[in-house]
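Welcome! Take a look at the sequence and the model first, and then we can go through a few topics together.

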Amino acid sequence: MKVVMGPDPSLVYRPDMGTEADKDKSSFRNFISGPLLDRVFATYKLMHTHQTVDFVRNKHTQFGSFSCKKMTVMEAVDMLDSLVDESDPDVDFPNSFHAFQTAEGIRKAHPDKDWFHLVGLLHDLGKVLALWGEPQWAVVGDTFPVGCRPQASVVFCDSTFQENPDLRDPRYSSELGMYQPHCGLENVLMSWGHDEYLYQMMRFNKFSLPAEAFYVIRFHSFYPWHTGGDYRQLCSQRDLDMLPWVQEFNKFDLYTKCPDLPEVGKLRPYYQGLIDKYCPGILSW
């Protein structure tokens with residue numbers, strides 16, 4: 001059966017970088033056509049079927065002790081050499097290169113914010129879950145709150161949630177679902193994936209990064225919020241204050257993707273210095 005899909009609503013809300021840049025940006029996050037579309041749609045269909053309140057709570061329990069592996073940050077970066085993100089319609093090369101692309105984009109634009117450079121390198125390290133046997137639909141892709149009705153700018157919203165049992169549960173199927181108005185995103189149960197896992201891992205290992213860094217890591221894949229403009233009924237004032245940081249990060253996460261891969265060997269000493277400053281040593285994953 002052929003599934004008819006409309007345009008990705010987030011295209012309308014992307015940060016304005018000028019007419020010519022917008023023209024180039026139309027090729028990113030294309031969920032309508034392209035050689036990778038079948039793979040992307042299949043990943044989101046599984047995600048939107050199986051990411052439920054119970055599933056997410058179980059994953060927090062499963063991984064919350066951080067007993068999977070002991071390794072350094074740079075060892076985790078190297079692990080991403082063997083990962084291609086099946087939810088990404090833009091690229092088909094290993095995720096480790098994207099980490100350095102993002103970090104270098106931020107470093108060029110914000111030379112005085114070394115913590116922000118490191119966030120660029122760190123942001124996808126939670127995807128190591130996919131190398132430990134977790135299915136990609138429980139690791140990658142855009143995140144969304146579970147426990148309430150999905151909103152319009154969730155990717156493939158109209159064609160992938162039909163078999164999710166939570167949407168037949170009156171506790172979880174209204175606009176607010178199990179939440180109170182403006183309860184704050186820190187009190188919302190997000191779909192399980194690399195964002196939430198890495199955020200919790202950073203807290204567990206006591207990274208000495210500023211609050212903005214933790215926030216960007218936790219919500220950088222929450223496109224329906226930071227780019228689609230949805231879920232504002234759940235936001236606190238703190239969320240709105242942090243939103244510009246997530247949107248600024250998104251420019252580099254999304255628009256630095258290109259097949260011109262960086263010379264990683266030359267970049268490693270600089271980023272190792274940042275790791276030694278903010279999150280040194282062997283960590284619990």
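What covers the buried residues of H8? In this predicted model, the cover includes helix H3 (53-63), helix H6 (114-122), H9 and strand S2 (283-284).

**Helix H8 and its surroundings**
- Of the 11 residues of H8, nine are buried, so this helix is largely enclosed by the rest of the structure.
- Those buried residues are His194, Asp195, Glu196, Tyr197, Leu198, Tyr199, Gln200, Met201 and Met202.
- After H8 comes Lys206, which has a positive phi, near 60°.

**How H8 and H9 pack**
- Two packed helices are described by the angle between their axes and the distance between the axes.
- For helix H8 (residues 194-204) and helix H9 (residues 211-219), the angle is about 150° and the axes lie 7 Å apart.
- H8 and H9 are therefore roughly antiparallel to each other, since angles over 145 degrees count that way.
- On the H8 side, the contact is made by Asp195, Glu196, Leu198, Tyr199, Gln200, Met202 and Arg203, while H9 brings in Phe214, Ile217, Arg218 and Phe219.
- Sorted by class, this contact of H8 with H9 has six nonpolar, one polar and four charged residues.

**Cysteines**
- A disulfide is a covalent bond between the sulfur atoms of two cysteines.
- The structure has zero disulfides.
- Cys183 is in no disulfide, and its nearest cysteine sulfur, that of Cys235, is 8.7 Å away.
- Cys183 is buried, with a relative accessible area of 19%.
- Cys279 is buried too, with a relative accessible area of 2%.

How values were computed: Residues are numbered from 1 along each chain as its sequence is written. This is a predicted model: local features need pLDDT of at least 70, side-chain atom pairs count only at pLDDT 80 or more; totals for chains, interfaces and linings use all residues. Side-chain values use heavy atoms; hydrogens and water are left out. A disulfide is a pair of cysteine sulfur atoms within 2.5 Å. Buried means under 20% relative accessible area, exposed over 50%, partly exposed in between (1.4 Å probe, protein chains only). Axes are lines fitted to C-alpha atoms, for helices over the stretch in contact, and angles run from 0 to 180 degrees between N-to-C directions. Helices (H or I, at least four residues) and strands (E, at least two) are DSSP runs, numbered from the N terminus. Angles under 35 degrees count as roughly parallel, over 145 as roughly antiparallel, 65 to 115 as roughly perpendicular and the rest as oblique. Contact means heavy atoms within 4.5 Å. Ala, Val, Leu, Ile, Met, Phe, Trp, Tyr, Cys and Pro count as nonpolar, Asp, Glu, Lys and Arg as charged, and the others, Gly among them, as polar.
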